[in-house]
Amino acid sequence: MSSTERDWDAFTIPKPGGQCQMDLAVEGITCAACMSEIETTLTRLPGVSQARVNLTSRRLAVGWESSRTD
């Protein structure tokens, strides 16, 4: 595996109905506007059903349909 390739399967949580979820740590979030921009941009991607940023913990939870996106 090259340094640009990553195996994210170990961090993916399968959910019922073909959904998947991943929780990520994110840096650089400083305000509610940043949080909103991240959530809005991600939920516009095909297959992404959820994107929630926790400003306090600087964590991002992303949910997607495994049949529509990887």
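Visitor: Which cysteine holds the sulfur closest to that of Cys34, and how far away is it?

Guide: The closest cysteine sulfur to that of Cys34 belongs to Cys31, and the distance is 3.4 Å, too far for a bond. This is a predicted model, in which local features need pLDDT of at least 70, side-chain atom pairs count only at pLDDT 80 or more, and totals for chains, interfaces and linings use all residues. Residues are numbered from 1 along each chain as its sequence is written, and side-chain values use heavy atoms, with hydrogens and water left out.

A disulfide is a covalent bond between the sulfur atoms of two cysteines. The cut-off applied here is a pair of cysteine sulfur atoms within 2.5 Å, and the structure holds zero disulfides. Cys34 is partly exposed at a relative accessible area of 24%, while Cys20 is buried at 14%. Buried stands for under 20% relative accessible area, exposed for over 50%, and partly exposed for what lies in between, with a 1.4 Å probe and protein chains only.

Now the surrounding elements. The chain has one helix and four strands, in the order β-β-α-β-β from the N terminus. Helices (H or I, at least four residues) and strands (E, at least two) are DSSP runs, numbered from the N terminus. Buried residues are 23% of the 70 in the chain, and the C-alpha trace spans about 30 × 30 × 20 Å along its principal axes.

Helix H1 covers residues 32-43 and includes Glu39. Glu39 is buried yet has no salt bridge, the nearest side chain of opposite charge being Arg52, 4.4 Å away. A salt bridge requires a side-chain nitrogen of Lys or Arg within 4 Å of a carboxyl oxygen of Asp or Glu; for charge, Lys and Arg count as positive and Asp and Glu as negative, with His and the chain ends not counted. The side chain of Glu39 does reach the backbone nitrogen of Val53, at 2.8 Å. Leaving out residues up to four places away in sequence, Glu39 touches Ala51, Arg52 and Val53, where contact means heavy atoms within 4.5 Å.

Strand S3 (residues 48-54) pairs with strand S4 (residues 59-65) in the antiparallel sense over six bridges. Two strands pair if DSSP finds at least two bridges between them. Arg52 has Ala61 as its bridge partner in S4, and Asn54 has Arg59. At 36% relative accessibility, Arg58 is partly exposed.

Pro46 lies in the loop between H1 and S3 and is exposed at 54% relative accessibility. Not counting residues up to four places away in sequence, Pro46 touches Arg68 and Thr69. Its C-alpha is 8.9 Å from that of Glu65, 19 residues apart in sequence.

How values were computed: A polar contact is a pair of N or O atoms within 3.5 Å; within protein, one must be able to donate a hydrogen and the other to accept it, and residues adjacent in sequence count only if both atoms are side-chain atoms.
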